[in-house]
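Q: I'm new to this one and would like to go through it piece by piece. Could you show me the sequence and the model before we start?

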Amino acid sequence: MIKNPVPWPNGARCAVTFTWDMDADSMLHLTHPNDADTRISTNSMLKYGPLIAVERIVDMLDELGIKNTFFVPGWCAERYPQAVKMILKGGHEVAHHGYLHEYPNMMTRDQELYWTKRGIDSLATITGKRPRGYRAPWYRFSKHSLEILLGEGFTYDCSLMGDDNPHLIRCSKGDLIELPGSIQLDDWPQYVHNPDVDYMMSIMPPRHAKEVYMAEFEAKWQYNGFWVNCFHPFVSGQLARLMAVKEMILEMKAKGGVWFATGEQVAAHTRKLIDAGTYQPRVDDLPYYTGRIPEFPASYMPAG
């Protein structure tokens, strides 16, 4: 079904990249700046990620012998440097996820550039390395994001959802490797239930969430695709849920033919194939649209 699969290393059937967004309590301060300090219970829920879950996740990954990618807002790296150091000590990738989990597509270009640079500076100070990968907070990749990422030396993005395989996103300034995900591989729809963060989902048991995630894996394995999730330490790092994540990884390993890699590794592999002329990816030219489409008259206003 996948017409143009990426040739994976050593003849692997598919590539698997586990990613974790260590948002911590940044989003609470973003959405409730005037009274986040009074929302003690939700603060504790979000702080569970860097204070408890990250170490547990890193220990599990060390036991299983695989490397993951952690997308970290700069503010979170500043507030929880020990969590970032645990990630680095485990040999995992630390990638960019904004500064304060802001809304890039609600900003001017200059505002987005400022917060992107601030996030880069925070991560570089703590990790000693400029991040190479980016995931837009809230998936809110803007019409300026690609140009900004190219100007700041990023090698890949992991925000969009328009393909089953790595491909190129392109603008007048150049192109970037896109590692596309899907909302069904995010843990928020399965687990997050909290009015302070504006999510009131029906909480699913870990076995149900695992079934959703593994159905996507089985399809990607069969058709030589790319599987990338979006988990959060405060969500999937809780005990029962992380037990299910461990079971998933063990089942993927037992299946065989799986290349476990970080986002940076997948992007580098894809770029190497493109540069060698051995893989021709699909290309998305961004932004898809500039302003409203002309089919609607200026007087048109949507209902409601």
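Q: In β13, which residue is the bridge partner of I169?
A: This is a predicted model, and in it the bridge partner of I169 in β13 is D284. The two strands behind that contact are β7 and β13 (residues 283–285), which pair in the parallel sense over three bridges.

Q: And what does D284 do with its side chain, which meets R282?
A: The side chains of D284 and R282 meet in a salt bridge, with a distance of 2.7 Å from N to O. D284 counts as buried because its relative accessibility is 10%, whereas R282, with a relative accessible area of 34%, is partly exposed.

Q: Back to β7, then: which residues make it up, and how many of them are buried?
A: Strand β7 covers residues 167–171, and four of its five residues are buried, which leaves the strand mostly covered.

Q: How many bridges join β7 to β8, and do they run parallel or antiparallel?
A: Five bridges join β7 to strand β8 (residues 174–178), and the two run antiparallel.

Q: Changing topic, what is the strand order in the open sheet of three strands?
A: The order in that open sheet is β11-β1-β12, and the pairing is parallel. Its edge strands are β11 (226–228) and β12 (258–260), each of which pairs on one side only, and from one strand to the next the twist averages 20°.

Q: How many bridges does β1 share with β11?
A: Strand β1, which spans residues 14–17, pairs with β11 in the parallel sense over three bridges. As one example of a residue pair, V16 has W227 as its bridge partner in β11.

Q: Which helices lie across β1, β11 and β12?
A: Helix α8 (residues 206–222) lies across these strands, running at about 160° to β11. Helix α11 (residues 263–276) also lies across β1, β11 and β12, and its direction is about 115° to β12.

Q: Is H269 buried or exposed?
A: H269 counts as buried, because its relative accessibility is 16% and the cut-off for buried is under 20%.

Q: Okay, salt bridges: how many are there in the whole structure?
A: A search of the whole structure finds 17 salt bridges. One of them joins R135 and D21, whose closest N and O atoms are 2.7 Å apart.

Q: Why does the pair of R135 and D21 tie together parts that are apart in sequence?
A: R135 lies in the loop between β5 (133–134) and α6 (145–151), while D21 is in strand β2 (residues 19–21), so the pair ties together parts that are 114 residues apart in sequence. Both R135 and D21 are buried.

Q: What about K117, which residue does it form a salt bridge with?
A: K117 forms a salt bridge with E152, and the closest N and O atoms are 2.9 Å apart. Because K117 lies in helix α5 (residues 109–127) and E152 in the loop between α6 and β6 (156–157), this pair ties together parts that are 35 residues apart in sequence. K117 counts as partly exposed at 36% relative accessibility, whereas E152 is buried, with a relative accessible area of 14%.

Q: Which residues are linked in a network of salt bridges?
A: The network links D35, R39 and D196.

Q: Last topic: how many disulfides does the structure hold?
A: The structure holds zero disulfides. C14 is in no disulfide, and the nearest cysteine sulfur, that of C158, is 15 Å away. C14 is also buried, with a relative accessible area of 0%.

Conventions: Residues are numbered from 1 along each chain as its sequence is written. This is a predicted model: local features need pLDDT of at least 70, side-chain atom pairs count only at pLDDT 80 or more; totals for chains, interfaces and linings use all residues. Side-chain values use heavy atoms; hydrogens and water are left out. Two strands pair if DSSP finds at least two bridges between them. Axes are lines fitted to C-alpha atoms, for helices over the stretch in contact, and angles run from 0 to 180 degrees between N-to-C directions. Contact means heavy atoms within 4.5 Å. Buried means under 20% relative accessible area, exposed over 50%, partly exposed in between (1.4 Å probe, protein chains only). A salt bridge is a side-chain nitrogen of Lys or Arg within 4 Å of a carboxyl oxygen of Asp or Glu. A disulfide is a pair of cysteine sulfur atoms within 2.5 Å.
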